[in-house]
Each structure stands twice: as structure tokens, then as C-alpha cells.
Amino acid sequence: MADEFDVIVVGGGNAAFCAALSAQEQGARVVVLERAPEEEAGGNTRFTAGNIRFAYRGVEDLKAIMPDLTEAEIAITDFGTYTEEQFFDDMFRVTRNRTDPDLCEILVRRSFETMKWLHGKGVKFAPIWGQQAFKIDGRFKFWGGLTVSAYGGGPGLVQAETESARKRGIEIRYATRAQKILYDGFKVQGVQVKTPGRIYDIKAPSVILAAGGFQGDAEMRTRYLGPGWELAKVRGTRFNTGDGIKMALEVGASPFGNWSGCHAVQWDFNAPEYGDLAVGDAFQKHSYPWSVLINANGRRFLDEGADFRNYTYAKYGRVVLEQPGNFAWQVFDAKVEKQLRDEYRIKQVTKVEANTLEELAEKLEGVDGKAFLEEIRAYNAAVRQDIPFNPNIKDGRRTEGLAVNKTNWANTIDQGPFKAFQVGCGITFTFGGLRIDTEARVLDADQQPIQGLYAAGELVGGIFYFNYPGGSGLINGAVFGKLAGATAVADQRSNT
């Protein structure tokens with residue numbers, strides 16, 4: 001194996017492969033270092049549904065990345081638009097105006113061109129008819145700004161990017177953990193890696209870090225996110241323990257962003273400690289806007305219908321973790337049975353069923369049954385049943401007069417059989433990370449570029465705060481991965 005390259009990419013998910021493919025197309029000799037063994041490779045990307053948010057002006061833009069769309073499919077589908085302005089509005093709204101404006105501008109403005117670039121690299125895409133569009137009056141209508149998924153979901157995306165990299169001569173080394181950046185105080189010279197039975201150096205003038213956040217490290221979660229976060233389940237890979245961040249900080253990189261924040265969802269309460277590739281993202285429970293969420297005290301504690309799922313799911317895991325016992329139950333009645341997503345039908349699910357609310361109350365483990373029945377009666381009485389239910393829009397069907405009102409999609413819970421699903425917190429990725437400039441160069445404490453060091457993906461700070469719009473993680477990795485690869489090669493040429 002050659003141990004000298006032009007560009008080293010640390011990581012093996014979407015951001016890493018986009019960086020590698022981008023550097024290679026500029027003529028660089030590239031190696032990808034994946035800490036996981038090949039059978040577990042792919043980072044968090046492999047655990048996702050593969051949904052990708054990007055700006056598009058209409059169906060013609062979508063046909064540019066999905067040329068197989070048929071006229072018959074187009075005829076029964078309202079794809080709508082998702083403009084750059086809408087994307088900006090969503091980013092600033094859900095991050096409470098904290099997202100770094102310069103980085104956000106790159107993310108949004110380059111999102112569509114990056115999708116076309118990925119398509120050109122062999123990644124296939126398809127509309128998310130099953131999850132992001134409901135059929136009303138014979139037509140599917142997309143909602144929430146999220147329309148497209150990678151073919152085969154996250155695993156399909158990793159496979160396509162891996163095949164594309166191999167076809168282009170990019171070397172991939174599995175079970176190879178980068179543990180130190182080789183740095184002389186002025187410029188990067190490569191990395192030290194550890195493999196089973198060997199520690200050695202790989203030389204390169206450019207290193208791109210794309211190794212994910214620190215969510216897989218219970219100690220770092222508790223230190224930065226706060227007490228109780230060691231109890232959260234990790235949705236994705238067990239290998240994202242902050243290696244890239246720690247290595248960069250050791251050579252003087254500037255930390256940046258929402259270090260106490262993360263993407264965390266409602267996750268099956270009895271899911272394993274880390275993600276299970278056989279189950280993928282199916283431990284998630286994302287139909288909660290049609291439910292009422294009940295804690296151990298038998299009480300509702302959040303607005304299940306505050307907004308489309310895409311804009312609330314990444315922050316509600318934290319709220320559930322903060323409940324007594326760190327759990328909640330999502331309660332549904334028969335009226336919304338057909339609205340439930342596929343993940344509610346897997347075998348590995350914690351659920352109870354009952355024909356009456358009284359029977360259900362006895363089955364909700366850890367819940368004050370009497371208080372639960374009181375809560376449901378009060379909730380049902382508060383529902384504005386004169387407002388029609390419409391899952392495609394924020395329908396304004398709400399409750400009035402409750403301590404915690406439901407803003408949209410408030411159906412009464414009164415038609416059996418009833419189903420309830422126990423959820424805890426599943427952490428996806430952490431929001432704090434490294435500071436980069438608008439060319440993806442890692443900056444030091446003086447906010448000057450560290451020569452030869454670049455970063456992309458979940459270990460970059462400053463883009464997401466508190467929450468994030470669904471599907472923006474993958475496009476973030478792709479946009480900044482592509483940018484990092486191109487900048488690394490351009491900088492080498494300008495420095496020679």
C-alpha cells in the first residue's frame with residue numbers, strides 16, 4: 001500500500017465520499033480512511049432514510065436529477081416548489097436565527113447544483129411518495145420541503161458513492177482509525193493511523209476531516225450536552241466518537257457552534273445502545289403529529305402538531321429525555337391508523353393495544369393511569385372538531401383552553417382499537433464542532449486557516465442550532481464535502 005497521497009479523507013460516510021470524489025475529479029490521488037470494518041462502514045449515512053433537502057424551482061429541476069420520472073407519475077403528483085428563499089427561511093427559523101449566515105448561504109445556494117453533481121457521479125434519486133406525500137383527491141401532494149431520497153435510502157447512497165469512488169481509483173482503507181494529525185506547527189503533513197496490529201503514518205499535504213460528531217461517546221455527550229445524555233440511545237454508528245474534532249483541536253483548531261445542542265428524535269425505548277444496520281432508521285417513531293404524547297405522570301407535555309414533522313422531530317427527542325423516567329408513550333386511535341409510517345410495523349417495537357381507553361391505561365407501563373384518563377378526557381373536550389383534518393397542510397385543527405395546546409392535526413382519541421408506542425431519546429448527531437471558512441478550511445483560534453486542514457459534515461459547527469430541517473444533514477455533508485475536496489486541491493496548486 002502506498003503511504004503517500006495528495007489528499008487524505010478521514011471518514012467513510014456521505015460527506016467523506018463527496019470530498020474524495022471532488023478531490024479526485026481535480027486530479028488528486030486520494031485515500032479514504034474508514035474507522036469501521038467494511039461490514040459496518042458508511043458512518044451515520046448508512047443509518048438514514050436517505051432523504052435530502054435542496055432548493056428546486058419545480059418539476060423540471062426534479063427531472064434533471066430523476067430522469068426516470070414518468071409523465072404518468074408527474075400527472076398524479078403535485079411536487080410544488082422549494083425555493084432558495086424557503087430553504088433560507090426554514091434554516092433561520094428552526095435555528096432561531098443562529099445559523100452562520102455565510103455557511104448557510106453556501107448550503108442553500110449550492111444545494112441543487114450539488115444534487116446534479118451527485119447524479120453525475122452515479123447516485124440515483126427517487127421521490128419520497130410513501131413518507132412525504134399524502135394522496136388527496138387522487139393526487140399526491142408533497143409537503144414540508146422534503147421531496148427526494150437517495151435510491152435505496154442511506155445504505156443505497158453509501159453503496160453508490162463507494163462504487164463511484166472505486167471506479168475512479170480512490171483507495172478505501174477500512175478498519176483504519178486516524179488518531180493524530182501530523183502537523184509541524186505551520187502546515188499539515190498527513191495523519192497517524194491505527195489498524196489491527198499496526199500504527200503507521202500516511203503522508204499528504206491535505207487532510208479532510210469528515211468523521212462525524214461525538215454522539216457515540218457517552219462521556220462527551222454528558223460533558224457537553226449535559227447530565228442525562230449518557231442515557232440516550234445512539235441512532236447511528238458506534239464509531240462516531242469525536243475523533244476528527246479531537247484531532248483538530250489538538251493542533252489548535254477553533255471550536256464553533258452549538259456544543260450543547262444535537263439532533264435527537266423519538267426512538268423506540270427498548271432499542272439497542274447503538275444503531276442496528278438490520279433495522280436501520282426504523283426504531284424512529286415519526287408519526288407523532290397524529291398522536292398525543294403522554295409522560296409517566298399521565299400528562300401531555302409538548303405540542304405534537306406545532307409544525308410539520310420535518311421541523312420538530314430533531315428537537316423532540318431532547319424533550320422526551322427530560323421527562324420523568326426518560327420516556328413517553330405516543331397514543332393513537334383507529335382514525336389515524338392508515339397514517340402511521342412503516343416503522344410502526346416492525347417486529348422490534350415497544351407497543352400496547354387495547355379496545356378501550358381504560359384497558360389501555362392499565363397497559364401503559366410506568367404511567368399514572370388515572371391521570372392519563374383525565375388528560376385524554378380534557379384533551380378530547382378541547383378539540384375544535386368543526387375544523388377539518390388535513391395531513392397535507394398545517395390545518396389549524398387545534399385544541400383550546402389546555403395548558404399545552406395542540407396547534408394542528410388535533411383529532412380526538414376516542415375510537416378503538418387504540419395503539420400506544422413507548423419512545424425514548426435517540427441521538428443522531430451533535431451540532432458543535434470545528435470552525436471553517438467559506439472554502440471549508442479549518443480555522444485556528446486566531447481564525448486563520450490551518451494550512452492543509454479541511455472539514456465537512458457533522459463535525460463542522462455553526463450550521464445547525466437547537467434543531468434542523470429534516471433532510472438537511474445529507475445535503476450539508478454533500479455541499480461542504482464537495483467544496484472541501486475542491487479547495488484542498490486548489491490550495492495545493494496555489495502553494496506550489
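**Close-up views of backbone geometry**

A175 is found in the loop between β9 (171-173) and β10 (177-183).

View 1. The structure shown is a predicted model. Most residues other than glycine have a negative phi. Is A175 buried, exposed or partly exposed? A175 has 26% relative accessibility, so it counts as partly exposed. The partly exposed class lies between under 20% (buried) and over 50% (exposed).

**View 2. F466, a residue with positive phi.** Where is F466 placed? F466 lies in the loop between β23 (449-455) and α14 (472-494). F466 is not a glycine, yet its phi is positive, about 70 degrees. F466 counts as partly exposed because its relative accessibility is 28%.

**View 3. The cis peptide bond between G416 and P417.** Which two residues does the cis peptide bond join? They are G416 and P417, and omega is about 0 degrees. Most peptide bonds are trans. P417 belongs to the loop between α13 (369-382) and β20 (418-430).

**View 4. The annotated domain, residues 6-472.** An unreviewed UniProt entry lists residues 6-472 as "domain: FAD-dependent oxidoreductase 2 FAD-binding".

Technical notes: Residues numbered from 1 in each chain as written. Predicted model: local features only at pLDDT ≥ 70, side-chain atom pairs only at ≥ 80, totals over all residues. Heavy atoms only, no water. UniProt positions renumbered as here; feature names shortened; annotations may be inferred. Helix = DSSP H or I, 4+ residues; strand = E, 2+ residues; numbered from the N terminus. Buried < 20%, exposed > 50% of the residue type's maximum accessible area, 1.4 Å probe, protein only.
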